[in-house]
Amino acid sequence: MSSAISLSAIGLVVAATIGIGLFGLRISRTTSDFYVASRAVSPRWNASAISGEYLSAASFLGVAGLVLVNGADMLWFSVGYTVGYLMLLVLVAAPLRRSGAYTLPDFAETRFESPLVRRICAGLVVGIGTLYLLPQLHGAGLAVQTVTGAPPQVGAMIVAVIVVINVAAGGMRSITFVQAFQYWLKLTALATPIFVILLMWRQPTGVLDSLHGAAAAWAEPLSRAGGRDHPLYATYSLLLALCFGTMGLPHVLVRFYTNPDGRAARRTTVVVLALLGLFYLFPPMYAVLGRTFAPDLVASGGDTVVLELPGRVFPGTAGDLLGALVAAGAFAAFLSTSSGLTVAIAGVIDQDLLRSRLREWTGGDYVAVNSFRIAALIAMIVPYLAFTVTGSLSLADTVGLAFALAASTFCPLLVLGIWWRRMSTTGAAAGLIVGGIAASAAALINVAGAPQGGWPRALVGQPAAWTMPLAFLTVIVVSKLTPDRIPAGTARSMVRLHTPEAVDVDRGLPPR
């Protein structure tokens, strides 16, 4: 892979990202612009932006690496990532938009009338966002190291600086344009090398041969390829995390606040399903071809197979050009997801921490937009410092833990909070705490060093199958034990969540 060509391609992506972000700065003036793009993003444009921020390092690099190393069962990652939006469409999208909130803590406080629940949600948003940002920074470092040999901290620093500039410059309005552009860039970068390989390569039997003999277990579902323990449990637990964790990801949920109304939120989700389904056709192809052309990458974890495959198939200029395109797409993935996460974290830090402090320091004379910009800087500094002290992490595995944490906390809060009027404030807080502690403990054990094998490794490596039911059960049991803590405004909140925008909730009549 040519370092000069790849660096040039990455430089173009960086320049385009900054340029589009500066365009967003010209039209971002109000607090609503920074938080939710003034709730004026069309479904098609918003769907491209959601897909752009959702397709992270785990999707662009990690899925192919996991399939390469662990086999066919890892295809559930791409299936689960997509099906999660179907759950979001059916259960959450439209009511969440009708809530009128800016952030998840806003929704929690409005629905449960509790500052305590809001503070717990704020802490979880920061925790999930930070856990999700780690693999983005790790992926950026890995990409730059593969292309140039530079230390991983260089790539992570580039992403961190550019994201802070873009988010601080224009907030949600700015990154909407950036992320929509980056989705189509990522799709082009991932698909083009595959099409070129299929058109120019004349020996497809080599791939088929690689799936027989000693490698047969790799292509067999529920096998122990990759050294996995209890594959049936791991598969179902993974699916639970991915299908129900999507609705609890802060950077995904904040996007639905930018739709004009609930109907637009549903239409957005349908388009997202189509865009994600198209994208996820390609990572497994890299894994299958990698078994033939780059089997040595299995020992290193496989996360670089997407970056290295074009050069392995086409040594020379053609491989360099295709590799540069893939490197550019990978950087777009890191930038777009990191931008969405930073906006979500910054919104919570701004509303729940900075503004109250700025009131104390300035006597109330402060500018909301400036506090958001300070929050954006804080939101990136913490994950970057965490990145510098953590070791090498599997991209998709780390993101999977973030999904498990979201499924064990915000999923019960949203599903039961939207559809069950007997949910109490105490039950909401208890579910968040129990689910958060259980899933966070599993994530910390994995980062520190997972158990070597058996059921302990399986339960900690894929915790959603027990942490999510535990959280739901906690909410239900505690709510039934505390009926006196059901919020007084529950009936009104439920009407607002489930009544179409065409009806004026305050009057019970169509608006004038």
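User: What does buried mean here, in terms of relative accessible area?
Analyst: The model is a predicted one. A residue is classed by its relative accessible area, and one over 50% is exposed. Buried residues are those under 20%.

User: What should the 15 residues of α11 span at 1.5 Å a residue, and how far apart are its end C-alpha atoms?
Analyst: At 1.5 Å a residue, α11 should span 21 Å. That agrees with the distance between its end C-alpha atoms, which is 20 Å.

User: Is α5 parallel or oblique to α11?
Analyst: Two packed helices are described by the distance between their axes and the angle between them. The axes of α5 (residues 75-91) and α11 (residues 231-245) come within 7 Å and cross at roughly 40°. That angle makes the arrangement of α5 to α11 oblique.

User: Which hand does the crossing of α5 and α11 have, and which classes of residue make the contact?
Analyst: The crossing of α5 with α11 is right-handed. On the α5 side the contact includes W76, F77 and M87, and on the α11 side L238, L239 and F244 are among the residues involved. By class, the contact of α5 with α11 has no charged residues, three polar and ten nonpolar.

User: Is V313 buried or exposed?
Analyst: V313 lies in helix α15 (residues 305-313). The cut-off for buried is under 20% relative accessible area. V313 has 12%, so V313 is buried.

User: Which residues is V313 in contact with, leaving aside its neighbours within four places in sequence?
Analyst: V313 and G290 are 23 residues apart in sequence, and their C-alpha atoms are 9.5 Å apart in space. With the neighbours within four places left aside, the contacts of V313 are I197 and F293.

User: How many helices and strands are there in the chain, and what share of its residues is buried?
Analyst: The chain has 23 helices and zero strands. Of its 512 residues, the buried share is 59%.

Conventions
Residues are numbered from 1 along each chain as its sequence is written. This is a predicted model: local features need pLDDT of at least 70, side-chain atom pairs count only at pLDDT 80 or more; totals for chains, interfaces and linings use all residues. Side-chain values use heavy atoms; hydrogens and water are left out. Axes are lines fitted to C-alpha atoms, for helices over the stretch in contact, and angles run from 0 to 180 degrees between N-to-C directions. Helices (H or I, at least four residues) and strands (E, at least two) are DSSP runs, numbered from the N terminus. Angles under 35 degrees count as roughly parallel, over 145 as roughly antiparallel, 65 to 115 as roughly perpendicular and the rest as oblique. A crossing is left-handed if the near helix is turned anticlockwise from the far one by less than a right angle, and right-handed if clockwise. Contact means heavy atoms within 4.5 Å. Ala, Val, Leu, Ile, Met, Phe, Trp, Tyr, Cys and Pro count as nonpolar, Asp, Glu, Lys and Arg as charged, and the others, Gly among them, as polar. Buried means under 20% relative accessible area, exposed over 50%, partly exposed in between (1.4 Å probe, protein chains only). The expected span of a helix is 1.5 Å times one less than its number of residues.
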